[in-house]
Amino acid sequence: MATETLTAAATAGGSDPRRRRGGIRSNENLAGWLFVAPVIVILGLFLLLPILMALWVSLTDWNGQGSPFTGDVPFVGAHNYTQLFTEDGLARRDFMTSIRNNIYYVAIVVPAQTVLALGLALVVNNRMLKGKSFFRSAFYFPSVTSSVAISVVFLFLFANSGAVNALLSFLGIDGPEWFADSRGVLHLLFGAVGVDSPPAALADGGPFGLTWWDWLAGPSVAMISIITLVVWTTSGTFMLMFLAGLQNVPVTLDEASTLDGASRWQRFRHVTLPMIRPTTFLVLTLGMIGSWQVFDQVYVMSQGDPAKTTLTPAYLSYRTAFRDFDYGSGAAISFVLFLIIIVLTLIQRRALAERDTDRPRRGWWRRRVPERS
Amino acid sequence: MAVLTDRPAAAPARRQRRAARTLATRFLGYATLVFFGLVFLYPFVIQIGNALKTEPDAAANPLSPFPDPLTLAGFERIFAGTNFPLWLGNSLLVTVLVTIGRVFFDSLAGYALARLRFRGRGGLFAAVIAVMAVPGVVLLIPKFLVLNQLGLYNSYAGLVVPLLADAAGVFIMKQFFESIPVSVEEAARIDGASIFRTFWSVVLPMAKPALITLTILSFQGSWNEFPHSLVSVQDPDLFTLPRGLADLVSGSLGKGTQYPLKLGAALLATIPVAIIFVVFQRYFVRDANDGSDKG
């Protein structure tokens, strides 16, 4: 996540300002390679090599028996990829369902955790409040705990007779059976306005083998509980990033705009928000990259059920390989997911690199604020 | 803007309004803090409370943190009726080995990338940055393939060795070593100390804060690690805590919901990280601010 410093360092390359001269480092070349050797071996053997192996397996129909690198394994070319996109069948339907689920998941998780993190950061950053460091730790603590352990807690919270439904019944609401409820939230909303069954126009013919009605289901009730868990665990981390960003907003700037008669909202909207724009961008992109990787929670809480509405590409690739023993197809799903995440990462790094080279915002308040006062 | 028109007369009233507003803000601020404090901490309170309840009590009063009657039956069953002790042992072993390995190997590599000038260094560092962007979940099948091929599947080696180094740790150490003044090392080197000796006895002691950060991150990361154990072992004797916990929940235990037991097991798995979090909090916070990712 150190992407900001990271890109800066990466672009700086190997140029070392402290050039030392003299004959002491005659064997520095050898020492350098010896020092990095363990890391190269481990990362090479368990990261790069496996990716290449999986790339090969994704072109085969290996079923887990014997070695995938013998002549006995049927080579199928790009078939595992094409069946995800162009061939009508179960593989494409499951994959597209997982993509749909994850899109809704991203669409809720990313804005929710960003707004919550920013809100928490603003409160914790308030100079007038005491005991902030306790609350800062409290908000952050869920982020450092085990995803599996936390999922167990949330399974209990969202159980049929669990804490969430107990809380809802205080408000007179009859809570759903969270993990058995596959109804999409958008479908429920349509139902609330009288559209219970798909209108003829949406009943079939949607892209990639799912009907328009299916695409428009929204996250299922079960998915909502996973979304709640994830927003709850990740907001703390992003709050700390926002706090770091807020600390770069000069106090004098805030005071100057107060003297100008700017309201609290105006100050937030026209001073704070523009100043922390880079942090917001970082949080949004990191959130998107992270949300495409949701796996542990799905594994522990729902295993893709009910009715495949919590299936995500990450979990589907696991399930296809290790439960259905279709390693080729599972690997192909992994690589499509890899592609999605890499594209998001590249967009992020490109944008951050651009920001580092020209900073249009830096002089902004110096120019504007004095004019107004 | 209206304030500017008749400042002298309006000043006291404005001050009063301001004081009232400050008070209101402060009240609102505390209310928000307490509300969200509850949102973020109460689930843990519920977890502790319900782990000490009987099963019917947990089902009937899930919101209440007070067990009635209080019972340790859940915990007794964790130790008597599940493989929890075994998982705990495996987790400890994996965590200790991985943490030692990461701290040592990542510092070595970080030091070389920061200080030693050798051919290919720039390319290697670019590779480290690239590796950091590789998402863990797409490595599930690849890791299984390589462990299977190397005959490490279903072994302690398979559980530990792939985690012994991580790109993010190398990155953290490199950044830190670059911030240390170079003069001390030069003095040592001129005195005739070897490169490793200089690294080991001169540079490393100065890198204590970064080493503590890396130790904590590695501990937390490997203690909580779940997907890797999922694709590297299958034998229940090799399960780590998160794996065992996941297995417990997905129902190999059968009969009933057994929430007190499950919550208790999850609680025990959380405690070590919680202790470390409380003691070394500032290192956690700094990490999040630098924003280094698990890689």
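Modeller: Contact here means heavy atoms within 4.5 Å. The model is predicted.

Colleague: Leaving aside residues up to four places away in sequence, which residues does A:Gln297 touch?
Modeller: Start with its place: A:Gln297 is in helix H15 of chain A, residues 296–301. Neighbours up to four places away in sequence are not counted. What A:Gln297 then touches is A:Ser147, A:Ser151, A:Ile226, A:Leu229, A:Val230 and A:Ser302.

Colleague: Is A:Gln297 buried or exposed?
Modeller: The cut-off for buried is under 20% relative accessible area. A:Gln297 has 13%, so it counts as buried.

Colleague: And A:Lys308, what does its accessibility make it?
Modeller: A:Lys308 lies in the loop between H15 and H16 of chain A. Between the cut-offs of 20% and 50%, a residue is partly exposed. The relative accessibility of A:Lys308 is 28%, so the class is partly exposed.

Colleague: What is the phi of A:Lys308?
Modeller: Most residues other than glycine have a negative phi. A:Lys308 is not a glycine, yet its phi is positive, at about 65 degrees.

Colleague: Where is A:Gln303?
Modeller: A:Gln303 also has a positive phi, about 50 degrees, without being a glycine. Its place in chain A is the loop between H15 and H16.

Colleague: Which residues of chain A does a cis peptide bond join?
Modeller: Most peptide bonds are trans. Here the proline lies in the loop between H15 and helix H16 (313–322) of chain A. Omega is about -10 degrees, and the cis bond joins A:Asp305 and A:Pro306.

Colleague: What is omega for the peptide bond from B:Asp68 to B:Pro69?
Modeller: B:Pro69 sits in a loop of chain B, between helix H3 (55–60) and helix H4 (73–81). The bond from B:Asp68 is cis, with omega near 0 degrees.

Colleague: Which residues touch the most other members of the largest nonpolar core?
Modeller: This core holds 187 residues. Those touching the most other members come from both chains: A:Tyr105, A:Phe139, A:Phe295, A:Tyr299, B:Phe177 and B:Leu245.

Colleague: Which helix of chain A gives the most to this core?
Modeller: Its share is 15 residues. The helix spans residues 221–246 of chain A and is H11.

Colleague: What is B:Phe177 in contact with, leaving aside neighbours within four places in sequence?
Modeller: B:Phe177 is one of the core members with the most partners there. With sequence neighbours left aside, its contacts are B:Ser107, B:Gly110, B:Tyr111, B:Ala114, B:Arg115, B:Phe199, B:Val203, B:Leu204 and B:Ala207.

Colleague: What area is buried between chain A and chain B?
Modeller: The contact takes 104 residues from chain A and 107 from chain B. Carbon and sulfur atoms give 75% of the buried area. The total is about 9500 Å².

Colleague: Which residue forms a salt bridge with B:Arg189?
Modeller: The count between the two chains is 1 salt bridge. Its closest N and O atoms are 3.4 Å apart. The partner of B:Arg189 is A:Glu28.

Colleague: Which helix gives the most to the side of chain A that touches chain B?
Modeller: That side has 71 nonpolar, 22 polar and 11 charged residues. The helix in question gives 21 residues and spans 28–57. It is helix H2.

Methods: Residues numbered from 1 in each chain as written. Chains lettered and ligands numbered in written order. Predicted model: local features only at pLDDT ≥ 70, side-chain atom pairs only at ≥ 80, totals over all residues. Heavy atoms only, no water. Core = buried A, V, L, I, M, F, W, Y, C linked by side-chain atoms within 4.5 Å. Buried < 20%, exposed > 50% of the residue type's maximum accessible area, 1.4 Å probe, protein only. Helix = DSSP H or I, 4+ residues; strand = E, 2+ residues; numbered from the N terminus. Buried area = accessible area lost by both parts, 1.4 Å probe. Salt bridge = Lys/Arg side-chain N within 4 Å of Asp/Glu carboxyl O. Nonpolar A, V, L, I, M, F, W, Y, C, P; charged D, E, K, R; others polar.
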